[in-house]
Structures are given as structure tokens and as C-alpha cells.
Amino acid sequence: RMLSYLINSEENHGLDRQFFKVLTSKVGVNNRLARHYSVATFIDKNTELCSVSEWVTKDNRRLDLLVRILDKNSNTRSVVGIENKIDSVEQTNQISDYQAALSNSFPHIPKIIIFLTPDGRQSNTSVNSISCPCFTCSYSDISKTCKTLSPKASNNTRIFLDVLSEYMDD
């Protein structure tokens, strides 16, 4: 929920789209997807980021976070699914099922999955997919994003980013 709050550009944190832009650059989304598409390139002054926690697939699986990049007419331009695995193992075909669900639900737009873990380990259940690639992300990446944005943030947001960064480093 904390990530959903920071990613959502319509929230009152004053960061606009910056948290998501910095995070995706740290994860390497821009570099690795340059041949096909880059979700981050779709984020500009004419887009909004809308994030929802617990996106339910048609098979009743629950992706932790779904980020929609919306154009000025509220049309979805691209999507990013984020699955956070703290101390649990992946369920059978979990990430590949999410990849398939995103591909089926959003067939004609760019989409990716970010597999978030404390240590940045690779998913055991993702598939090599051009239509919905899977990227790894560590808590260190979240911490670094917070530290990058903290000096420019308002007082309350700076405190929130600093606390989240400290929590992710522990």
C-alpha cells in the first residue's frame, strides 16, 4: 500500500510521477526494453499513474499492485504489475499466470511485471516473454529511490520516504 501511494501520481505526496520514473530507471526497465518498448517513455506530463492494490485476475489470483499509465483521456497506455515476495515462496506458476493475465487483459499495450523481493532474486515461475517481460527489483532499489527523492520532497513526504528507506535497508 505504501508503494501504491507513492506511485499514484494523483496522491497528495507532491512527487507526481517521479517515484515510479526513478524506480523503473533503477530496475533497468528503460535499458532492457528499448528494443521493444519502454514503459517509462510513456510517462510524460500528459500522463497520470493510477495504482491499485490486490488486482484480481480472472482465475482469482491476486497481483499485489497494478499500475496503469493513463493518457489525458484516461485511456490505459501501458501497465506494470508488481508482485512483492517477502518471506514466502512463489505458488505454482504464479508469475507466469500474472504475465498471462496481464497479456489477456491488456492485449495491445506495453506491459511488464516487476518481481520485488528483499534480495532482488529472480522469479522461479516467470516465463521469458516479449509481450510481458519480468524484471527483478530489490528492497535496496526501493530504498535508493526514496533516498534520491527525499531531498526534493516536502516535509511530510520526506519523513515518509526516509522511514520507508530505513525500513527497506533493515
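**Ground rules**

I number residues from 1 along each chain as its sequence is written, and my side-chain values use heavy atoms, with hydrogens and water left out. Since the model is predicted, local features need pLDDT of at least 70 and side-chain atom pairs count only at pLDDT 80 or more, while totals for chains, interfaces and linings use all residues.

**Entry 1: Lys111**

I started with Lys111, which lies in strand β4, residues 111-117. Helices (H or I, at least four residues) and strands (E, at least two) are DSSP runs, numbered from the N terminus. Is Lys111 buried or exposed? Lys111 is buried, because its relative accessible area is 3%. For this label, buried means under 20% relative accessible area, exposed over 50%, and partly exposed in between, with a 1.4 Å probe and protein chains only.

Next I looked at what the side chain of Lys111 meets. One of its polar atoms lies 2.9 Å from the backbone oxygen of Phe106. The backbone oxygen of Ile109 lies 2.4 Å from a polar atom of the Lys111 side chain. I also noted Ser131, 20 residues from Lys111 along the chain, with 7.0 Å between the two C-alpha atoms.

**Entry 2: the loop between β1 and β2**

I moved to Arg61, in the loop between β1 (48-56) and β2 (62-70). Arg61 counts as buried because its relative accessible area is 15%.

Leaving out residues up to four places away in sequence, Arg61 touches Trp55, Val56, Gln91, Thr92, Asn93, Gln94, Asp97 and Tyr98. Contact here means heavy atoms within 4.5 Å.

Asn60 is in the loop between β1 and β2. Asn60 is exposed, because its relative accessible area is 62%. I flagged its backbone: Asn60 has a positive phi of about 65 degrees although it is not a glycine. Most residues other than glycine have a negative phi.

**Entry 3: Ser74**

Ser74 went on my list for its phi, which is positive at about 65 degrees although Ser74 is not a glycine. Ser74 sits in the loop between β2 and β3, and it counts as exposed at 55% relative accessibility.

Then I turned to helix α5, residues 139-149, whose buried residues are Tyr139, Asp141, Ile142, Ser143, Thr145, Cys146 and Leu149. What covers them? The cover includes α1 (2-7), α2 (18-27), β3 (76-84), β4, β5 (134-138) and α6 (155-169).

I took the two helix pairs in turn. Two packed helices are described by the angle between their axes and the distance between the axes. Axes are lines fitted to C-alpha atoms, for helices over the stretch in contact, and angles run from 0 to 180 degrees between N-to-C directions. Angles under 35 degrees count as roughly parallel, over 145 as roughly antiparallel, 65 to 115 as roughly perpendicular and the rest as oblique.

For α2 and α5, I noted an angle of about 130 degrees and axes 9 Å apart. The two helices are therefore oblique to each other. On the α2 side, the contact is made by Gln18, Phe19, Val22, Leu23, Lys26 and Val27, and on the α5 side by Asp141, Ile142, Lys144, Thr145, Cys146, Thr148 and Leu149.

For α5 and α6, the angle is about 155 degrees and the axes are 8 Å apart. That makes α5 roughly antiparallel to α6. Here α5 contributes Tyr139, Ile142, Ser143, Cys146, Lys147 and Leu149, and α6 contributes Leu161, Leu164, Ser165, Met168 and Asp169.

**Entry 4: two last residues**

Ile159 is found in helix α6. Ile159 counts as exposed, because its relative accessibility is 53%. Its C-alpha atom is 23 Å from that of Val52, 107 residues apart along the chain.

I ended on Cys132, in the loop between β4 and β5. Cys132 is buried, with a relative accessible area of 0%. From Cys132 to Gly81 I noted 9.6 Å, C-alpha to C-alpha, with the two residues 51 apart in sequence.

Methods. Polar contact = N/O pair within 3.5 Å; in protein donor to acceptor, adjacent residues only side chain to side chain.
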